[in-house]
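User: I am new to this structure and would like to know what stands behind the labels used for it. Please take them one at a time.

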Amino acid sequence: AMGSAVLLAFLTFGANEWGFGGKYNTVWAHTLDSKMASFIVTGESRDTVSVELPHHKAKCVFDYVAGQPAHESKKVPETARINAQDVLTRLKGQCAQGQSGYWTYQVCLGGEIKQFHGQDSYKLGKFSHVEGKILKYDKGLPCDPPSNPTERQVDVSLACSDKMGVQLISEPSTCKYTMTLVLPNVCSDPSYPKMMQTAGAKGKAPDDGHEDWILQIRESDDGKVICSSHSTETRLAGSRLSFRSFSLKVEKDKGSYEKVKGSARAMGRVPLSDTELVVSSESISHGSGFGGKLAYVDLEAT
């Protein structure tokens, strides 16, 4: 086993890395333990992340779609718009690599995604289809047969960069990976986040388009279950990310909770208004007036 440390802004946690055939491989944005997970939100991404108390007593599930809300979206001229399918067609067969901790990851457009180190190599997925701006890969190596035969799968986002590579490699849930393929081919479309790799490159925006987030669950001394998810960014100027939607849900192993209350706020500890939120008997989610800015959301269930 290998030891690794994950630095998440103002919080530091220990984590272990396992290879295939044992538990699951972890990367620098990953499940820290069953009660806490870290993940990366990019400018165009969607995911479902979950954590739970021991013995499956309770579970927190955070679901989100990131991207500009319709009423805030920047209008991109049709001549500048880049379609992910066109990128795939133009660059099919080309491969890019990126490293995260012990492993190197290779993404081949229209081909396969592999994780390797030295002679060890594992298939994480084979190209399946394009969904919006996401390249979907599936039918990767099974998680841990025969106990968990689920095949690995990967969502690949696209971002502008001065050279081709793979960044923001993450395993937000077991055997489901996300990563970002950065390349110059989409830079003429401003709707793609900028993630330049060369210092001083034109248009560089190192903090544009991605943030580290944490999801955690805990139980108070009086039996309350508390779910929270938040960005680890400390900039008071505000996040550059926007969310189309979000939902934080608490699930109980048996029965349901009598009372659930929740809250959410944007960067700078600005509370979201009543029209921006919907709180139900088991979740808190975006409302009709949600403006897209989110930095913290929590639920308390009794």
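User: Why is Glu112 called partly exposed?

Analyst: Glu112 has a relative accessible area of 27%. Buried means under 20% relative accessible area, exposed means over 50%, and partly exposed is in between, with a 1.4 Å probe and protein chains only. The value for Glu112 falls in between, so Glu112 is partly exposed. This is a predicted model, in which local features need pLDDT of at least 70 and side-chain atom pairs count only at pLDDT 80 or more, while totals for chains, interfaces and linings use all residues. Residues are numbered from 1 along each chain as its sequence is written, and side-chain values use heavy atoms, with hydrogens and water left out.

User: What makes Glu112 and Lys123 a salt bridge?

Analyst: A salt bridge is a side-chain nitrogen of Lys or Arg within 4 Å of a carboxyl oxygen of Asp or Glu. The closest N and O atoms of Glu112 and Lys123 are 3.9 Å apart, so the pair qualifies. Glu112 is in strand 9 (residues 112–117) and Lys123 in strand 10 (residues 120–131), eleven residues apart. Strands (E, at least two residues) and helices (H or I, at least four) are DSSP runs, numbered from the N terminus. Lys123 is partly exposed, at 29%.

User: How many salt bridges are there in the whole structure, and which residues are joined into one network?

Analyst: The search finds eight salt bridges. One of them is formed by Glu300 and Lys261, with the closest N and O atoms 3.8 Å apart. Glu300 belongs to strand 24 and Lys261 to strand 20, 39 residues apart. Both ends are partly exposed: Glu300 has a relative accessible area of 22% and Lys261 one of 47%. Through shared partners, salt bridges join Asp222, Lys224, Lys261 and Glu300 into one network.

User: How do you know that Cys60 and Cys227 form a disulfide?

Analyst: Their sulfur atoms are 1.8 Å apart, and a disulfide is a pair of cysteine sulfur atoms within 2.5 Å, so the pair counts as one. The torsion about the S-S bond is about -75 degrees, so this disulfide is left-handed. Cys60 lies in strand 6 and Cys227 in strand 18, so the link ties together parts that are 167 residues apart in sequence. Both cysteines are buried.

User: How many disulfides does the rule give, and what is the pairing?

Analyst: The count comes to four disulfides. With the bonded cysteines of the protein chain numbered in sequence order, the pairing is 1-8, 2-3, 4-6, 5-7. Among the four is the link of Cys95 and Cys108, with sulfur atoms 2.0 Å apart. At 105 degrees about the S-S bond, the link of Cys95 and Cys108 is right-handed. Cys95 is partly exposed, at 37%, whereas Cys108 counts as buried, at 13%.

User: Why is the pair of Tyr64 and Phe243 called edge-to-face?

Analyst: Rings of Phe, Tyr and Trp (its six-membered ring) pair if their centres lie within 6.5 Å; planes under 30 degrees apart count as stacked, over 60 as edge-to-face and the rest as tilted. Tyr64 and Phe243 are 6.0 Å apart centre to centre with 75 degrees between the planes, so the label is edge-to-face. Tyr64 lies in strand 6 (residues 58–66) and Phe243 in strand 19 (residues 243–252), so the pair ties together parts that are 179 residues apart in sequence. Tyr64 is buried at 2%, and Phe243 is buried at 0%. Ring pairs link Phe62, Tyr64, Trp213 and Phe243 into a cluster.

User: What makes the charged end of Lys133 count as sitting over the ring of Tyr192?

Analyst: A charge sits over a ring if NZ of Lys or CZ of Arg is within 6 Å of the ring centre and within 35 degrees of the ring normal. The charged end of Lys133 is 4.3 Å from the centre of the Tyr192 ring. Likewise, the charged end of Arg265 sits over the ring of Tyr296, 4.1 Å from its centre.

User: Which residues touch the most other members of the largest nonpolar core?

Analyst: Phe62 and Leu294 do, in a core of 33 residues. A nonpolar core is a set of buried Ala, Val, Leu, Ile, Met, Phe, Trp, Tyr and Cys residues joined through side-chain atoms within 4.5 Å. Strand 6 gives the most to this core, with five residues.
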